[in-house]
Amino acid sequence: MDYNQAFDTALNRLHTEGRYRTFIDIERRKGAYPKALWRKPDGSEKEIVVWCGNDYLGMGQHPVVLQAMHEALDATGAGSGGTRNISGTTVYHKRLEAELADLHGKEAALVFSSAYIANDATLSTLPVLIPGLVIVSDKLNHASMIEGIRRSGTEKHIFKHNDLDDLRRILTGLKGRPILVAFESVYSMDGDFGRIKEICDIADEFGALKYIDEVHAVGMYGPRGGGVAERDNLMDRIDIINGTLGKAYGVFGGYIAASAKLCDAVRSYAPGFIFSTSLPPVVAAGAAASVRHLKGDVELREKHQTSAKILKMRLKGLGLPIIDHGSHIVPVHVGDPVHCKMISDMLLEHFGIYVQPINFPTVPRGTERLRFTPSPVHDSAMIDDLVKAMDVLWQHCALNRAEVVA
Ligand SMILES: Cc1ncc(COP(=O)(O)O)c(C=O)c1O
């Protein structure tokens, strides 16, 4: 068997379809984000502005976070040195979990190496804990939820995205059985909101557990950054809340918040939690500081929303096809992988603007897009530069200016 031939065939398929992923090598500079240095393949460097990061609030460079991390590093050293069970549970992990439980008004929280692992480990373990559990999942749920559900091997049903009639139809067919309904609060590629209240209402009629992924909402929505469920006063209606510490909180790691019993059971049964080295204490300390800080920094959240509104208004003013569901995410529809990559390349090379093209399988074919994530640290000059560059390139590529979704 020629193994390399197999890899070549797979990679050539991606090249042919125009969706081979190229990683852009960037170096963030503390205090200067969203400015960063782009190291080109030839070794030369160029200053760029990052427009596609998920450090949504710039917390990755916030002094409060950095100070907590410096202190923990000096106090404890680098890694935790163990799994949570074997010497890897520290005061930093316990503090972080207490901070997260408080954020979501739950009895407990459990920290994982990422929100991907938190979703995968929890959703693959719950059917082990609840015999006969059927999982009903939104069609657009993140890969980590899909993977956890798939690996559990349990019966699953997919409801059309945010479609309440479809959800009800499926739940009616499952009446009397143990059910978990899994969905997200902000779907990150379109930036639309899950219909949390309505989904909870229907799930409650059938006695189902409710599992929400708030990865693109924690830190950013709600009076204390508890997410959209907090904003809409619905946190107590959700049984399991999943979040990340790597996006708006600017650090790394993921978690679930739920009842003490549920967290204890997942802690005790989920291989993805048990058999993996715990977060470095320095990371746990930074994340806890970020969560704590954002519970009080309402102004930063407001600035974030304002920044997103301004960018959307400016791009709409040019007639660009932006997808606007009222969240902080600003996707511009291109609809073709080759054009999408070309615009992204030109933005980077000619304008020092970095936005990664989003292609299949992250989004369906034909809906390729540029996904902008304005933050409170993008200033008005940066917005001006971006809007001007998009205008020029849209013209250059003779792309459609009709609006896709308003
Ligand atoms: C909806 C959703 N859930 C979970 C994750 C995983 O989060 P993490 O980066 O912490 O693994 C992502 C990552 O992009 C996501 O978009």
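**Close-up views of a predicted model**

**View 1. Ser87, an exposed loop residue.** Ser87 counts as exposed, at 54% relative accessibility. The structure shown here and in the views below is a predicted model. Ser87 sits in the loop that runs between α2 and α3 (91–104). The phi angle of Ser87 is near 75 degrees, which is a positive value in a residue other than glycine.

**View 2. Asn162, a buried loop residue with positive phi.** Asn162 is placed in the loop between β6 (156–159) and α6 (164–173). Its relative accessible area is 12%, so Asn162 is buried, the limit being under 20%. Phi of Asn162 is near 60 degrees, again positive in a residue that is not glycine. Most residues other than glycine have a negative phi, and most peptide bonds are trans.

View 3. The bond from Tyr33 to Pro34 is cis, with omega near 20 degrees. Pro34 belongs to the loop between β1 (26–28) and β2 (35–39). The bond from Phe360 to Pro361 is also cis, and its omega is near 10 degrees. Pro361 lies in the loop between β15 (357–358) and β16 (369–372).

**View 4. Asp55 and its surroundings.** Asp55 is located in the loop between β3 (45–50) and α2. Asp55 counts as buried, because its relative accessibility of 6% falls under 20%. A polar atom of the Asp55 side chain lies 3.0 Å from the backbone nitrogen of Met59. With neighbours within four places in sequence set aside, Asp55 is in contact with Arg28, Tyr33, Gly60, Lys247 and Gly250.

**View 5. Val64 beside Ala289 and His293.** Val64 is part of helix α2 (residues 63–76). Its relative accessible area is 34%, so Val64 is partly exposed, between the limits of 20% and 50%. Apart from neighbours within four places in sequence, Val64 is in contact with Ala289 and His293. Val64 and Ala289 are separated by 225 residues in sequence, but their C-alpha atoms are 6.6 Å apart in space.

**View 6. The crossing of helices α4 and α9.** The axes of α4 (residues 115–129) and α9 (residues 260–269) come within 10 Å of each other and cross at roughly 100 degrees. Helix α4 is therefore roughly perpendicular to α9, a class that covers angles from 65 to 115 degrees. On the α4 side the contact is made by Thr122, Thr125, Leu126 and Leu129, and on the α9 side by Leu262, Ala265, Val266 and Tyr269. Sorted by class, the contact has six nonpolar residues, two polar ones and no charged ones.

View 7. In soluble globular proteins, nonpolar side chains tend to be buried together.

**View 8. Contacts of Leu96.** Once neighbours within four places in sequence are left aside, Leu96 is in contact with Val111, Leu245, Leu279, Ala284, Ala287 and Ala288.

Methods: Residues are numbered from 1 along each chain as its sequence is written. This is a predicted model: local features need pLDDT of at least 70, side-chain atom pairs count only at pLDDT 80 or more; totals for chains, interfaces and linings use all residues. Side-chain values use heavy atoms; hydrogens and water are left out. Contact means heavy atoms within 4.5 Å. Axes are lines fitted to C-alpha atoms, for helices over the stretch in contact, and angles run from 0 to 180 degrees between N-to-C directions. Helices (H or I, at least four residues) and strands (E, at least two) are DSSP runs, numbered from the N terminus. Angles under 35 degrees count as roughly parallel, over 145 as roughly antiparallel, 65 to 115 as roughly perpendicular and the rest as oblique. Ala, Val, Leu, Ile, Met, Phe, Trp, Tyr, Cys and Pro count as nonpolar, Asp, Glu, Lys and Arg as charged, and the others, Gly among them, as polar. Buried means under 20% relative accessible area, exposed over 50%, partly exposed in between (1.4 Å probe, protein chains only). A polar contact is a pair of N or O atoms within 3.5 Å; within protein, one must be able to donate a hydrogen and the other to accept it, and residues adjacent in sequence count only if both atoms are side-chain atoms.
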